[in-house]
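Work through these exercises with the model open. Each task is followed by a stepwise solution.

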Amino acid sequence: MVGREKFNAELHQVQNLMLELSNMAINTLNESMDYLLASDIEGALTVINNDIHINHMEEEINDRVILLIAKQQPVATDLRRLMVLIKAASDMERIGDYAVNIAKETIRIGKDEHIAPIHLLDEMRVKTIAMLKQILDAFMNEDIEEAKKIAKLDDEIDAMYGHAIKTLLSVGVEQPAQLSQITQLSFVCRYLERSADHATNMAERVLFLLKGKHYELNN
């Protein structure tokens, strides 16, 4: 019983780290979009400089999980939970990377006026952040019904992505001199769309954890 209590206590610590990492990644993605919309170069630089904290947290989660497996020799269900934690931490670390990429695009655009309908990117941001928060809750609570809802949200973001890219390309045709900014904003759309894909990955991990088999929600 003592061994089981110790395992549960250490698992709880790793889960708390996962929650902290996830909130940091989601907030950083949100902030990076704020800085883009405001043409805030200094803010974008803070996103890039702070990414090291997200990377270190993912590494710590990996190290702790490996130690738990080595020391506690968990049973099948516990082992599945630990492996899902490692993969979900990787998903959230990637979202932090997309925030950095958006910050870099912000710096490349600089103080130039946005010539494209920037509100389309903001709408994508709002939907993506909401989706990430929803899957984080479902993941931490191991809520399979909420996890299943993520696929529909991903479809909505895919549609928004397609519309935004089509609009950006149209602006590029009309203003070819602004092709550089159009390209950078297109990349931002892609980073948001990819962040939503990682939310879907996490939803699939919830299903795997609770059902013991792999499901593809993107199909």
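**Exercise 1. The cavity**

What volume does the largest cavity have?

Solution. The largest cavity has a volume of about 70 Å³. This is a predicted model, in which local features need pLDDT of at least 70, side-chain atom pairs count only at pLDDT 80 or more, and totals for chains, interfaces and linings use all residues. Residues are numbered from 1 along each chain as its sequence is written, and side-chain values use heavy atoms, with hydrogens and water left out.

Step 1: A cavity is a set of points, on a 1 Å grid over the protein atoms alone, where a 1.4 Å probe fits but cannot get out; lining residues have an atom within 4 Å of a point. Grid points are joined across faces, edges and corners, and the volume is the space filled by probe spheres set on the points.

Step 2: count. The structure holds 1 cavity of 30 Å³ or more.

Step 3: list the lining. Gln15, Arg81, Val84, Leu85, Phe139, Met140, Glu142 and Leu209 line the largest cavity.

Step 4: assign the elements. Helix 3 (76-109) and helix 4 each give two or more residues to this lining. Helix 3 gives the most, with 3 residues.

**Exercise 2. The overall fold**

Describe the secondary structure and extent of the protein chain.

Solution. Step 1: count the elements. The protein chain has 7 helices and 0 strands. Helices here are DSSP runs of H or I with at least four residues, strands are runs of E with at least two, and both are numbered from the N terminus. The order is α-α-α-α-α-α-α.

Step 1: take the dimensions. The C-alpha trace spans about 70 × 35 × 20 Å along its principal axes.

Step 2: check burial. Of the 219 residues in the protein chain, 47% are buried. Buried means under 20% relative accessible area, exposed over 50%, and partly exposed in between (1.4 Å probe, protein chains only).

Step 3: check contact range. Contact means heavy atoms within 4.5 Å. Among contacts between residues at least 6 apart in sequence, 85% join residues at least 24 apart.

**Exercise 3. Helix 4 and what follows**

Solution. Step 1: length. Helix 4 covers residues 119-141, 23 residues in total. From first C-alpha to last it reaches 33 Å, close to the expected 33 Å. The expected span is 1.5 Å times one less than the number of residues.

Step 1: buried residues. Among them are Leu120, Leu121, Met124, Arg125, Thr128 and Phe139.

Step 2: the next residue. Glu142 follows helix 4 with a positive phi, near 50 degrees. Glu142 sits in the loop between helix 4 and helix 5 (144-148). Its relative accessibility is 26%, so Glu142 counts as partly exposed.

Step 3: a second case. Ser39 also has a positive phi, near 50 degrees, and is not a glycine. Ser39 lies in the loop between helix 1 and helix 2 (41-72). Ser39 is buried, at 12% relative accessible area. Most residues other than glycine have a negative phi.

**Exercise 4. Salt bridges**

Solution. Step 1: apply the rule. A salt bridge is a side-chain nitrogen of Lys or Arg within 4 Å of a carboxyl oxygen of Asp or Glu. The count comes to 16 salt bridges.

Step 1: Glu10. Glu10 and Lys6 meet at 2.9 Å, N to O. They are 4 residues apart in helix 1 (residues 2-38), so about one helical turn separates them. Glu10 is buried at 15%, whereas Lys6 is partly exposed at 43%.

Step 2: Arg125. Its closest N to O distance to Asp34 is 3.0 Å. This pair links helix 4 to helix 1 across 91 residues. Arg125 is buried at 8%; Asp34 is partly exposed at 36%.

Step 3: Glu156. Glu156 and Lys127 form a salt bridge at 2.8 Å.

**Exercise 5. Gln181**

Is Gln181 buried or exposed?

Solution. Step 1: Gln181 counts as buried because its relative accessibility is 4%. Step 2: Gln181 is in helix 7 (residues 179-211). Step 3: a polar atom of the Gln181 side chain lies 3.0 Å from the backbone nitrogen of Ile115.

Methods. Polar contact = N/O pair within 3.5 Å; in protein donor to acceptor, adjacent residues only side chain to side chain. 1 Å grid on protein atoms, 1.4 Å probe; cavity = no way out; pocket = protein on both sides within 12 Å on 5 of 7 lines; lining within 4 Å.
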